[in-house]
Every structure is written in C-alpha cells, then in structure tokens.
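Dear colleague,

Please find below the structure that I am handing over to you. My notes on what was found in it follow directly after.

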Amino acid sequence: MTWQPFILAICPTKLPTAPAAPLTTTTSPCLGLQISRKPIRLYTFSANSRLVHSSSSGCICCSYLTFLPPSWYISSFTSNKMHRRVSLLVYDTCRWILPSTCHSVGFHSTTIKEAISAKKFVFTKRFQGLPQLDNFSLEKEELPELKPGDVLCEALYLSVDPYMRPYSLSWPLGTTMKGGQVSKVIESKNEKFPVGSLLVGYFGWRTHTVVNPDVRSKDFMEQITVLPNLGTLCPSVGLGAVGMPGNSAYFGFLEICKPKHGDVVVVSGAAGAVGSLVGQIAKIKGCHVIGFAGSDEKVKWLTDELGFDNAYNYKTCDWKSSLKEGAPNGVDCYFDNVGGQLSVAVRSHMNDFGRISVCGAISLYNDTVPTLVPCVEPAMVFKQLRMEGFLVHRWTHRFLEGMGQMSTWIQEGKIKIKETHTNGFENMPAAFIDMLKGGNFGKAIVKA
C-alpha cells in the first residue's frame with residue numbers, strides 16, 4: 001500500500017487546552033471530529049491503513065498514543081465488510097493540534113481507504129488416507145491495490161470436489177487450496193466487469209481475490225467466465241449443474257458413451273454432483289438407467305425423484321445379483337465415477353461393444369495401500385469394449401453449449417438438481433472431508 005500515514009483524533013465539541021507535549025515524528029495530520037458531547041474514542045492508522053490504536057478519550061494529542069500490534073484492522077470499528085470505504089465529516093477548529101491541516105470552523109470531509117485482506121486455506125500437510133482438519137491452515141493475505149484492468153472479487157459460493165484429492169499429490173506444501181468459486185465484483189478498474197458482476201473462476205479456497213479477467217491463460221484452472229443468466233436459480237448452480245460438473249456429465253457421457261435410445265446405462269457414484277446429472281441425461285435420451293449410490297436414502301432419491309429405473313446401495317447389495325436384476329440383457333454404457341471392484345463387476349456384465357466413460361475413481365483416492373483389482377484386459381478384449389477417460393477441459397471451447405443446454409433442461413423440469421450447502425468459509429475443510437465420505441446429495445457447496 002502507498003497511502004500516507006495519518007492520525008484521526010475524535011474529540012468532543014469543545015477542545016480543551018492543548019497539551020504541553022509536542023507532536024512526535026511518528027505521526028502526521030490530526031483531525032478533530034465532533035460526533036458527540038460524550039467521551040468517545042481515538043483511532044490511529046498506520047501507513048497501510050491498519051488500525052493500530054484505539055482508546056477512550058475526551059481529546060488526546062498524538063504524542064500520548066500507545067501503539068498496539070497492527071493486527072487491529074480498521075474494520076473493527078467500521079464494518080465487517082473489508083471492502084467498504086468510510087466517509088467522515090470533520091467539524092470544529094483543530095488548529096491547536098495541527099494548524100496547517102485545518103484552519104477554519106466548519107465541515108470538512110475525508111475518506112479512509114480500508115486495507116483489504118483475504119482469508120485463505122493453505123495446504124500444509126500431506127494427506128494420509130482421508131484428509132483431516134490439520135492438513136489445512138487458515139491464513140490471512142493482504143491484497144494489493146487494484147491496477148488498471150483489475151477487479152476485486154468477494155467469494156459467494158465455493159466448490160469442494162473429488163478431483164482436489166488426487167490433484168493434491170502434485171501441489172507443493174504451502175499452496176493455497178485450489179478450487180472454483182462464484183464471486184461478486186466489489187471493486188473494479190475494468191469497465192467490462194463493473195461492480196456487481198458475478199464471475200466463475202478457479203480462485204481457490206479464499207474469500208477475496210484481485211484479478212484481471214482480461215488476462216487469458218491456457219491453463220484451465222486460471223480461466224474466468226461471467227456467470228450466465230440463471231433466472232431464478234441460485235448462483236451456486238454455476239459451480240454444479242451449470243458449471244464444471246454439468247459439463248463433465250454432458251460431454252463425458254454424450255461424447256464418449258454416445259448413448260442410443262433403448263441403451264442400458266449404469267452410473268456409479270450416481271447421487272453425486274456428476275452422476276446424478278448423467279443419469280437424468282440418459283433418461284432424456286431414452287435409456288434405461290441403473291444407479292449405484294452409498295445409502296438407502298440416496299437410492300430412494302434416485303428412483304423417486306430423479307427417475308432412475310433401478311438403484312442400489314453398493315454398500316449392502318450383491319453387485320452381480322443387482323446387475324442381473326436391473327439389466328438382465330446386459331449393460332451398454334457405463335459412466336464410472338468410482339473405479340475399484342464395483343467397476344470390475346459392471347464391466348463383466350457389459351454387452352459386446354459397450355462404451356465406458358471414466359470420470360473418476362473416488363473409491364481409491366483415500367487408499368493408503370493400493371487397491372488390487374483383476375486385470376481389465378479380458379473383458380476389454382472378449383467383449384470388445386471401448387473405455388476412455390477424460391478431463392473436462394477437453395471441451396473448453398464448447399462450455400457455453402453445455403452450460404446452455406443444462407440450464408434449459410433444468411428450466412424445463414427435465415433435470416432436477418440438489419445441492420448440499422455448508423455455511424461459513426471457515427468450514428471449507430470439513431465440507432471437503434464430508435464430501436469425500438459421501439455425505440453430500442448432488443453438488444457439495446460452501447456458502448461463504
């Protein structure tokens with residue numbers, strides 16, 4: 001920050017005789033402000049606009065200040081919104097404090113620009129099995145002043161996703177946790193993105209971000225888009241059904257499985273952010289849909305609300321018997337979110353020339369010892385299967401197509417969505433852990 005240091009002395013109506021002690025060189029301009037006849041408070045600001053001193057007083061001269069640690073922010077007396085500016089009206093003569101600053105009686109206005117800081121979660125300890133709360137550290141980061149083209153974004157909704165677990169293997173310790181968020185522009189020096197604009201970006205697990213949306217990157221994790229008009233839908237849908245998971249379901253299923261009317265489709269992880277959408281897209285395309293999920297409650301949701309033809313609790317059912325019951329004539333398409341032994345069972349029940357789209361392997365992400373499964377080649381060869389994995393950014397150039405179609409299907413009532421919301425930015429790690437344990441219905445979201 002480049003602002004000059006100053007002191008604001010808040011005084012009663014009548015100024016007492018000036019103290020004998022002179023002004024010190026550690027401070028500069030003092031201003032007297034009439035707000036009350038009662039004893040009020042004195043606030044002192046440092047060069048970076050942090051509140052470093054507050055004391056009750058009738059009127060105190062700068063030379064009597066006792067400086068406290070700079071962790072006291074200006075927001076502690078103005079607002080809990082770090083981005084607000086505070087306007088002050090200065091009244092009465094203060095020439096006895098610093099004659100060169102205010103020579104007349106009357107009103108004078110000034111503006112205090114507050115320091116902006118972000119809270120963020122840092123990856124501080126490698127995961128061993130299921131992530132724990134001590135793998136993360138909540139820290140503060142002071143943000144830079146905006147430059148031309150920059151915007152200051154405040155997180156509204158943040159995403160926790162399964163991919164964060166395997167991707168973390170390549171992240172250096174000390175990295176801010178990566179992830180998408182819907183954020184609101186609260187200050188702008190870019191006319192294309194005025195205050196109030198809603199953006200979707202992979203800003204990470206952080207409350208505030210300074211970014212220039214015009215700077216384009218080939219890295220999928222650095223791309224920023226304007227949230228499309230979602231009508232009456234919650235903006236968080238931009239992180240789910242009309243966001244990355246929605247595009248994963250739309251392109252990963254339609255482009256790889258290429259479903260035909262009458263096909264039998266199996267979806268694992270069927271009650272999750274992607275799987276719940278894949279099953280509904282398959283129904284739109286005229287398929288018979290079977291889902292595997294992790295609880296009886298989820299199974300009921302899939303069949304009663306989302307229209308799956310059959311659904312099974314993979315934790316309690318016999319997989320082979322369930323597949324024979326739900327797909328007596330075999331499986332044509334398999335959308336795999338979980339990997340492991342369940343996927344072995346599905347592949348063995350597939351028809352010749354079946355298509356498999358591999359979106360993830362969440363059943364294996366927290367393993368401390370690698371899971372051993374039968375080799376895949378016999379089923380691939382003798383059933384002449386086609387199995388293909390994907391990363392959704394393969395279709396980045398078509399994202400608007402996917403988002404538009406998903407939004408249309410939702411508004412037409414053809415796709416139903418459900419989100420599991422956790423309130424409070426400080427609960428990001430807990431929401432992430434709960435999602436990996438299967439605690440979510442549909443998309444897992446944190447409301448900041």
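The buried residues of helix α10 are Met428, Pro429, Ala431, Phe432, Ile433, Met435 and Leu436; buried means under 20% relative accessible area, exposed over 50%, and partly exposed in between, with a 1.4 Å probe and protein chains only. The helix spans residues 428-436 and is mostly covered, with seven of its nine residues buried. Helices (H or I, at least four residues) and strands (E, at least two) are DSSP runs, numbered from the N terminus. The cover over the buried residues of α10 includes the strands β7 (117-123), β8 (136-142), β9 (151-159), β21 (419-423) and β22 (443-447), together with helix α2 (164-167). After α10 comes glycine 438, which has a positive phi, near 85°.

Please note that this is a predicted model, in which local features need pLDDT of at least 70 and side-chain atom pairs count only at pLDDT 80 or more, while totals for chains, interfaces and linings use all residues. Residues are numbered from 1 along each chain as its sequence is written, and side-chain values use heavy atoms, with hydrogens and water left out.

Phenylalanine 136 belongs to strand β8. It is buried, at a relative accessible area of 9%. Neighbours within four places in sequence aside, phenylalanine 136 is in contact (heavy atoms within 4.5 Å) with Phe121, Val122, Thr124, Phe127, Pro131, Met177, Trp205, Pro429 and Phe432. Pro429 and Phe432 are also among the buried residues of α10.

Arginine 398 is found in the loop between β20 (386-389) and α9 (399-411). This residue is partly exposed, with a relative accessible area of 23%. Residues up to four places away in sequence not counted, arginine 398 touches Phe251 and Glu255. A separation of 9.1 Å lies between the C-alpha atoms of arginine 398 and asparagine 247, although they are 151 residues apart along the chain.

As regards cysteines, the structure holds zero disulfides, a disulfide being a pair of cysteine sulfur atoms within 2.5 Å. For cysteine 257, which is in no disulfide, the nearest cysteine sulfur is that of cysteine 333, at 4.7 Å. Cysteine 257 is buried, with a relative accessible area of 0%, whereas cysteine 234 is partly exposed at 26%.

A search of the whole structure gave three cavities of 30 Å³ or more. On a 1 Å grid over the protein atoms alone, a cavity is a set of points where a 1.4 Å probe fits but cannot get out, and lining residues have an atom within 4 Å of a point. The second largest cavity has a volume of about 80 Å³. Its lining consists of Gly240, Ala241, Ala273, Ser276, Leu277, Trp301, Lys416, Ile417, Lys418, Glu419, Gly442 and Lys443. By class, five of these are nonpolar, three polar and four charged.

For the protein chain as a whole, the secondary structure comes to ten helices and 22 strands. Buried residues account for 51% of its 448 residues. Of the contacts between residues at least 6 apart in sequence, 67% join residues at least 24 apart.

With kind regards

Terms used
On a 1 Å grid over the protein atoms alone, a cavity is a set of points where a 1.4 Å probe fits but cannot get out, and a pocket is an open set with protein on both sides within 12 Å along at least five of seven lines; lining residues have an atom within 4 Å of a point. Grid points are joined across faces, edges and corners, and a volume is the space filled by probe spheres set on the points. Ala, Val, Leu, Ile, Met, Phe, Trp, Tyr, Cys and Pro count as nonpolar, Asp, Glu, Lys and Arg as charged, and the others, Gly among them, as polar.
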